[in-house]
Amino acid sequence: MNAVLPFTRRAVLHAVRDVETLIESVLLPVVLMLMFVYVFGGALAGRSEAYLDFVVPAVVLVCAGFGAATTAVSVARDMNEGMMDRFRTMDVPRWAPMLGHVLSSVLRNLVATAVVIAVAMLLGYRPGAGPLDWLGLLAAVTMWVLAITSVFAAIGVAARSVEAASGYGFALLFLPYASSAFVPIETMPTWLQGFARHQPMTPVVDTMRAFLGGESPGSSAGVMTVWCAAITLLGLAGAGWAFARRQPRI
Amino acid sequence: MADAIVVEGLEKSFGDQRVLDGIRFSVARGSIVALLGENGAGKTTTLRILTTVTPADAGRVAVAGHDVASAGREVRRRISATGQNVSVDATLTGAENLELMGELRGLSRRDARVRAQELLERSGLSDAGRKRVRTYSGGMRRRLDLALSMVAPADVVFLDEPTTGLDTRARSALWERVRELAEAGAAVLVTTQYLEEADALADRVLVLHRGRIVAEGTPAELKARMGGATVAVVDGDGAEVDSEGSDGTAAGLRDALARLEARGALGADSVIAVHAATLDDVFRRLTDDDGDEAPR
């Protein structure tokens with residue numbers, strides 16, 4: 001475990017110094033929120049301010065996706081540009097560099113989430129969350145970021161180039177739009193409603209929306225927890241499998 | 001001196017291609033051994049197996065007293081390796097790279113910082129230490145790469161073509177550092193394509209050709225094996241265009257000239273030079289697939 005702290009520090013330095021990562025993790029969700037509120041908000045909710053209440057949890061969800069996607073690129077860079085070769089000749093656990101990227105992603109996403117909520121409040125958003133609700137939101141965001149980052153880490157391990165890692169991950173970023181994140185599921189075509197209702201992002205965003213509104217998330221929190229645990233395990237198993245396949249270790 | 005590296009019957013294939021064909025050698029503590037060979041000879045594969053990165057197909061390898069196949073972690077604790085390609089983190093500064101490596105090698109953060117400064121100075125990178133590596137030239141990156149492998153003491157040091165991309169001055173400085181490592185007791189295995197490097201640096205040279213070690217000995221022994229002198233045909237610029245080994249006697253020199261003439265290398269106005277055998281001559285003879293030298 002001694003190796004995790006230096007690797008996390010390294011990944012945080014990457015995130016802070018890489019302008020593209022900063023833009024993708026922090027600026028892009030804010031721009032997305034402004035666009036949804038002021039371009040689509042009137043059409044979707046009658047007026048922009050009304051849509052702000054609905055869309056903030058969705059932007060937090062998407063924000064986690066953008067932030068986690070950069071993990072695939074960071075891991076792929078380590079795998080394909082030589083650093084992993086050096087680490088493999090050292091007494092360093094093979095998962096430690098990747099865990100550093102994952103923990104850095106969690107920190108980066110929590111900061112990005114705070115920025116999104118702060119900007120939303122400047123626009124007039126007034127969350128009804130109490131102290132326990134904020135803690136619940138923190139737990140929900142952390143669980144979701146861990147889950148989706150694990151998947152992107154696996155993509156980063158498997159990708160044969162940095163560009164490929166970026167491309168594979170992009171597909172996942174469309175999933176929030178087919179959930180309860182941006183519009184009520186009831187407004188979707190019937191054939192899409194089943195998918196939207198049962199895909200993992202719906203309980204995640206419902207839970208976040210409930211916490212931000214100061215309400216009980218009900219069964220969504222439990223469903224979200226199961227989904228996040230399953231996705232995290234799947235992502236880590238996938239990363240381990242891809243790692244063993246690409247770099248068998250003695 | 002005890003052997004820090006023992007390799008016996010090492011074999012490795014990639015698909016149908018046999019890369020290592022039962023090689024066998026050892027490296028004593030406190031000595032420098034050069035693994036000399038052309039591209040594709042199997043040098044890097046050998047190093048990757050010895051550093052636990054790639055599993056072998058057959059054979060036994062012990063590094064620092066531990067079997068690489070069954071005690072990889074023990075081996076990794078005792079080695080330091082620099083690969084053929086520069087492995088530095090371009091987003092971090094030179095100092096941060098060294099500090100990271102120091103912490104991963106078990107130094108405290110404070111000790112890692114002190115060690116980083118020492119290595120930056122010794123590598124001629126003091127002024128660039130606080131700059132991001134992405135601003136470094138190729139030679140600076142290579143020097144940092146080598147410094148990273150020297151952050152903490154190691155029983156065995158592996159260097160895969162370490163002077164590629166370095167200028168003459170930096171190359172000499174690196175050789176000096178490598179000699180210091182050996183004097184401190186480390187066993188050093190260095191791969192190289194540069195005969196000059198093997199001659200200047202190594203206590204012993206292993207010539208690897210098509211996955212087999214075709215010669216082994218000190219540079220002087222290998223040169224002696226070629227005979228006392230080389231008869232060379234040189235062009236107008238003094239560059240050698242063909243050569244033959246000889247035992248240095250008058251009869252031997254005549255024979256060498258006859259062999260050159262027989263294959264049409266001599267013209268009426270050809271310029272002939274005679275010089276003591278170099279490692280270059282040894283290498284060319286040993287790795288010439290039409291040559292007479294049999295694999296060891």
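**Largest cavity and chain contacts**

Me: Which residues lie nearest the centre of the largest cavity?
Reply: The lining of the largest cavity comprises 13 residues. A cavity is a set of points, on a 1 Å grid over the protein atoms alone, where a 1.4 Å probe fits but cannot get out, and lining residues have an atom within 4 Å of a point. Nearest the centre are Ala11(A), His14(A), Ala15(A), Ser74(A) and Arg108(A).

Me: What pLDDT do local features need in this predicted model?
Reply: Residues are numbered from 1 along each chain as its sequence is written, chains are lettered from A and ligands numbered from 1 in the order in which they are written, and side-chain values use heavy atoms, with hydrogens and water left out. The model is predicted: totals for chains, interfaces and linings use all residues, side-chain atom pairs count only at pLDDT 80 or more, and local features need pLDDT of at least 70.

Me: How much space lies in the largest cavity?
Reply: The whole structure holds two cavities of 30 Å³ or more. A volume is the space filled by probe spheres set on the grid points, which are joined across faces, edges and corners. For the largest cavity, this space is about 110 Å³.

Me: Which helix gives the most to the lining of the largest cavity?
Reply: Helices (DSSP runs of H or I, at least four residues) are numbered from the N terminus. In chain A, α1 (4-17), α3 (48-80) and α5 (96-122) each supply at least two residues of this lining. With four residues, the helix that gives the most is α3(A).

Me: How much area do chain B and chain A bury between them?
Reply: Contact, meaning heavy atoms within 4.5 Å, involves 33 residues of chain B and 21 residues of chain A. Buried area is the accessible area (1.4 Å probe) that two parts lose on being put together, summed over both. Of the area between these chains, 55% is on carbon and sulfur atoms, and the total is about 2500 Å².

Me: Which residues of chain B lose the most area to chain A?
Reply: Three residues together account for 24% of what the side of chain B buries. They are Val53(B), Arg76(B) and Leu104(B).

Note on methods: On a 1 Å grid over the protein atoms alone, a cavity is a set of points where a 1.4 Å probe fits but cannot get out, and a pocket is an open set with protein on both sides within 12 Å along at least five of seven lines; lining residues have an atom within 4 Å of a point.
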